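Hello,

Here is the structure I promised to send over. Have a look at it first, and then read on for my notes.

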Amino acid sequence: MSQRFDLSRLTHDELDRGLAQRVAQDRVATAELIAYLGEVGARGRHLTFGYRSLYDYCTQHFGMSEDVAKKRIRVARLARRHPVILERLADGRITLTALLMMSRELFRASAPEQAIALLDATRGKTNEQVALLLAGRSPKPDTPTRVRPLSAPVVARAVSDQGAARPPVPSVPPDPTEQQVPLFVEQDPVPSASPPSSARFEFRTTLDEQTLAELQEAAELLSHVIPNGDLGLVLARLVRMGLEQARKQRQAATKQPRAPRAPRPDQATDNIPEHIVRAVYARDEGRCTYRGDDGHVCASRWQVEFDHVVPRSKGGESSLENLRLLCRAHNQHEAERVLGAAFMRGKRAWAAKRRRVATPRAGRKAPAPVAQATPTSASPRP
Ligand SMILES: [Zn+2]
């Protein structure tokens, strides 16, 4: 062991003081790290370095563990809303775990006094006591959408066969401000007896009434091809149909591509010729091509959009050479860099206003009971 970490020669007194000192330093360092994350996120520095999210920046660039990154970023967002959190974290009045448990409530708190009252109420309490206190204050959150691999092939259940049992509520509620992240599901790393083609995944989510009714209607319409009405099979078929549609829309994918047409000089962005759309998609492999200051390429396939390298407003054409794919985060980042943040803020506000006028919000119904829509674990549920 290196000298630095060999503490065997310290006196008891030195050891006690040393530990106390480091516990205090650790709290301060955590609070400072969280403050830095909040500021980096607010300035979009991760975008500059070629990462579409702060989470990717922390895990891929700094090698933080996924869990550590996720928790610190969530608290960083909370602290941007209620800066008082950082002081309390630094002096040990609140723990990271308690903050994560309270995050939903703290995000809801609009006034600083509300946040302070909540922090005071949970001071010195164990995690279990905090959970009890919170349970009395807010309704059960929706079951977050989750996908997990199952080790063995399983038997499907239809919606009428739903169990009454709800999955346990996670102690850390989902972060409402968190960016949507694609659900990538890794195969079970443990070698399984079943061949890869028979791999099964459990997929849980919370649906609203309308979606559930639509799913049931789809099951009825597809009942001639899926006579047992298995919602897992219905979902699989709907996904394939939807995917085909989405590919057509986003990538102009088609089995019989039309002959290229010369673009008109007034070609709008949303009117990029189909053969150009396909060529750009193929060349960029459907990924964000943004290259960060230190050479990192984003390569995200999430919310990928077409970007004119020379903006249309400056005479840029919708040509293969002048088009590239960027994820939405980097497209926005680039637009702000080229056109200015104030201009883009105004443009977004205008677009949002136009959307509100065009599509008046339908009355949102309360979430329906959790639908166990896919095959469930072979082991019996309570
Ligand atoms: Zn990107």
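Are Cys 298 and Cys 327 buried or exposed? Cys 298 is buried, and Cys 327 is buried as well (buried means under 20% relative accessible area, exposed over 50%, and partly exposed in between, with a 1.4 Å probe and protein chains only).

A word on the source: this is a predicted model, in which local features need pLDDT of at least 70 and side-chain atom pairs count only at pLDDT 80 or more, while totals for chains, interfaces and linings use all residues. Residues are numbered from 1 along each chain as its sequence is written, and side-chain values use heavy atoms, with hydrogens and water left out.

**The zinc site**

Cys 288 (SG), Cys 298 (SG), Cys 327 (SG) and His 330 (ND1) coordinate the zinc ion at 2.1 to 2.3 Å. Donors here are N, O and S atoms within 2.8 Å of the metal (3.2 Å for Na, K and Ca); water is not among the atoms, so sites may look incomplete. The angles between the four donor atoms are 101 to 120°, so the arrangement is tetrahedral (for four donors, all angles must lie between 85 and 135 degrees). Along the chain, the donors follow the spacing C-x9-C-x28-C-x2-H. Cys 298 sits in the loop between helix 11 (274–284) and strand 3 (304–308), and Cys 327 in strand 4 (residues 323–327), 29 residues apart. Helices (H or I, at least four residues) and strands (E, at least two) are DSSP runs, numbered from the N terminus.

**Strand 3**

Five of the five residues in strand 3 are buried. Val 304, Phe 306 and His 308 point one way, with Glu 305 and Asp 307 pointing the other way. Strand 3 runs antiparallel to strand 4, joined by five bridges (strands pair if DSSP finds at least two bridges between them). Phe 306 is opposite Leu 325 in strand 4.

**Salt bridges**

The count comes to 14 salt bridges, each a side-chain nitrogen of Lys or Arg within 4 Å of a carboxyl oxygen of Asp or Glu. One of them joins Arg 80 to Glu 39, with the closest N and O atoms 2.9 Å apart. Arg 80 is in helix 4 (residues 66–81) and Glu 39 in helix 1, so this pair ties together parts 41 residues apart in sequence. Asp 307, Arg 324, Glu 334 and Arg 337 are linked in a salt-bridge network.

Best wishes

Key
Four donors count as tetrahedral if all angles lie between 85 and 135 degrees; four count as square planar and six as octahedral if opposite donors are over 155 degrees apart and all others between 65 and 115; anything else is irregular.
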